[in-house]
Amino acid sequence: MKEKIESIKTECINLINQSINQAELDNVRVQYLGKKGELTVVLKEVGLLSAEERPLIGKIVNEVREEIELKIEEKKNALEKEEMMKQLENAYRFDFTIPEKENIGSLHPITIVQREVEEIFKSMGFNVEEGYEVETEYNNFEAVNVPSYHPARDMQDTFWLDNGQVLKTQTSASQNRILKKYGSPLKAIFPGRCFRNEDLDASHENTFFQLEGMMVDENISVANLIYFMKTMLSEVFKKDLNVRLRPGYFPFVEPGFELDISCMYCGGKGCRVCKHSGWIELCPCGIIHPNVLKMGGVDSEKYSGFAFGLGLSRLAMMKYGITDLRLLNSGDLRVLKQIKNN
Ligand code: FA5
């Protein structure tokens with residue numbers, strides 16, 4: 001019996017050593033220590049031995065079993081380590097000792113200005129909302145008082161999609177949704193990317209950002225509008241600006257205005273950026289047309305409001321002294337680098 005146990009042990013340890021993976025090792029365990037395993041069968045046979053032999057042989061079987069279990073555990077750990085080393089060999093090598101690269105990136109100037117303007121309006125109690133980039137014709141035009149026959153549609157050369165929707169030409173496209181969401185009183189701003197099939201020049205892009213704002217309550221007047229516009233601009237530029245308000249036509253406001261700021265490049269003398277006028281058109285605004293309030297479900301007899309559509313890309317351009325708006329969409333990293341160093 002002793003020889004049999006010894007030979008099982010030797011055979012089993014050889015097989016353990018030869019196992020090249022976990023599956024093979026498991027098979028060895030089952031073959032020797034499983035319910036019908038060779039050593040388990042021997043242990044059952046111990047019961048048939050004489051009373052003197054039984055404890056002696058039983059002890060030997062249990063010792064061999066423990067030894068085999070230990071060998072299996074050791075082999076298992078060795079196989080795991082081997083597998084891990086293989087994975088590390090194949091894995092991407094990351095050298096933690098290489099010094100940090102200088103090029104760590106930065107926020108885009110438009111994002112910086114957008115967040116700044118958002119903070120200013122938030123501090124004055126406005127909610128920040130998000131609009132869609134693909135809009136329905138209704139939201140982009142009809143809900144802001146521009147029905148299909150209206151000549152004002154020609155003012156914005158629109159990208160139409162095959163399904164009749166549009167790439168939002170103006171952030172005003174969200175007005176109706178926001179009026180319906182909040183009703184009155186309401187104070188909200190909603191920045192967003194706009195698209196127009198424009199002739200491109202230093203201050204016109206086909207893809208640009210606006211930041212729209214609306215305030216609706218009882219007795220809102222042009223005085224409120226001017227106050228909020230002035231506060232925002234003086235916060236953004238951290239200085240008093242030359243601003244002018246002139247009549248402007250937008251079907252969704254009455255009266256409507258164009259708020260221009262004095263061109264920062266030529267100091268108002270006239271240059272290619274301001275198209276030699278000395279002024280940059282920055283923020284059209286006005287008192288919300290009663291039709292727009294009605295379409296948004298707001299009682300236009302009781303409530304009034306103002307709306308504005310700030311040209312965010314142009315604001316970023318002015319703030320950072322970028323002479324051509326197209327640089328902002330160019331992907332040229334030198335633009336971002338300058339901003340970071342400012
Ligand atoms: C509008 O888009 C109106 N929805 C704004 C408005 C809102 C008026 C609420 C009244 C009440 P306008 O087309 O002028 O208006 O554009 C607004 C601003 O967006 C412009 O003053 C300008 O700063 C900016 N903008 C317009 N077109 C471009 C463009 N192609 N590239 C860069 N900025 C532009």
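**Figure 1. Buried residues of helix α8 in the predicted model.** In α8, the buried residues are Leu225, Phe228, Met229, Thr231, Met232, Leu233, Val236 and Phe237. The model shown here and in the other views is predicted. Helix α8 covers residues 222–237, and its 16 residues should span 22 Å at 1.5 Å a residue; the end C-alpha atoms are 22 Å apart, which agrees. Just after the helix, Lys238 has a positive phi of about 55°.

**Figure 2. Contact of α8 with helix α10.** Helix α10 comprises residues 312–319, and its axis comes within 11 Å of that of α8, crossing at roughly 40°. The two helices are therefore oblique to each other, and α8 passes α10 in a right-handed crossing. On the α8 side the contact is made by Leu233, Val236 and Phe237, which meet Leu315, Met318 and Lys319 of α10. These residues divide into 5 nonpolar, no polar and 1 charged. Leu233, Val236 and Phe237 are also among the buried residues of α8.

**Figure 3. Packing of helices α1 and α3.** Helix α1 (residues 2–18) packs with helix α3 (residues 38–46) at an angle of about 165°, the axes being 10 Å apart. Angles over 145 degrees count as roughly antiparallel, and α1 and α3 are therefore roughly antiparallel to each other. Their crossing is left-handed. Lys4, Ile5, Ile8 and Glu11 in α1 meet Glu38, Leu39, Val42 and Glu45 in α3. By class, this contact has 4 nonpolar, no polar and 4 charged residues.

**Figure 4. Helix α4 and its buried residues.** Helix α4 runs over residues 53–90; its 38 residues reach 56 Å from the first C-alpha to the last, close to the 56 Å expected at 1.5 Å a residue. Ile57, Gly58, Val61, Val64, Ile68, Ile72, Lys75 and Leu79 are buried in this helix. An α-helix has 3.6 residues a turn, so residues three or four places apart point the same way. The buried residues of α4 pack against α1, α2 (22–33) and α3.

Figure 5. Gln156 is located in the loop that joins α6 (137–140) to β3 (166–167). With a relative accessible area of 11%, Gln156 is buried. Leaving aside neighbours within four places in sequence, its contacts are Asn140, Phe141, Thr169, Gln170 and Arg196. Asn145 is placed in the loop between α6 and β3 and counts as buried at 15% relative accessibility. Phi of Asn145 is near 70°, a positive value in a residue other than glycine.

Figure 6. Most residues other than glycine have a negative phi, and most peptide bonds are trans. The bond from Ser184 to Pro185 is cis, with omega near 0°; Pro185 is found in the loop between α7 (175–182) and β4 (186–195). The bond from Glu254 to Pro255 is cis, with omega near 0°, and Pro255 lies in strand β7, residues 253–262. Lys275, in the loop between β7 and β8 (279–288), has a positive phi near 50°.

**Figure 7. Glu301 in the loop between α9 and β9.** The loop holding Glu301 lies between α9 (290–295) and β9 (304–311). Glu301 is exposed, with a relative accessible area of 76%. Its C-alpha atom is separated by 8.1 Å from that of Pro290, 11 residues apart along the chain.

Conventions. Residues numbered from 1 in each chain as written. Predicted model: local features only at pLDDT ≥ 70, side-chain atom pairs only at ≥ 80, totals over all residues. Heavy atoms only, no water. Helix = DSSP H or I, 4+ residues; strand = E, 2+ residues; numbered from the N terminus. Expected span 1.5 Å × (residues − 1). Buried < 20%, exposed > 50% of the residue type's maximum accessible area, 1.4 Å probe, protein only. Axes fitted to C-alpha atoms, helices over the stretch in contact; angles between N-to-C directions. Parallel < 35°, antiparallel > 145°, perpendicular 65-115°, else oblique. Left-handed = near helix turned anticlockwise from the far one by under 90°. Contact = heavy atoms within 4.5 Å. Nonpolar A, V, L, I, M, F, W, Y, C, P; charged D, E, K, R; others polar.
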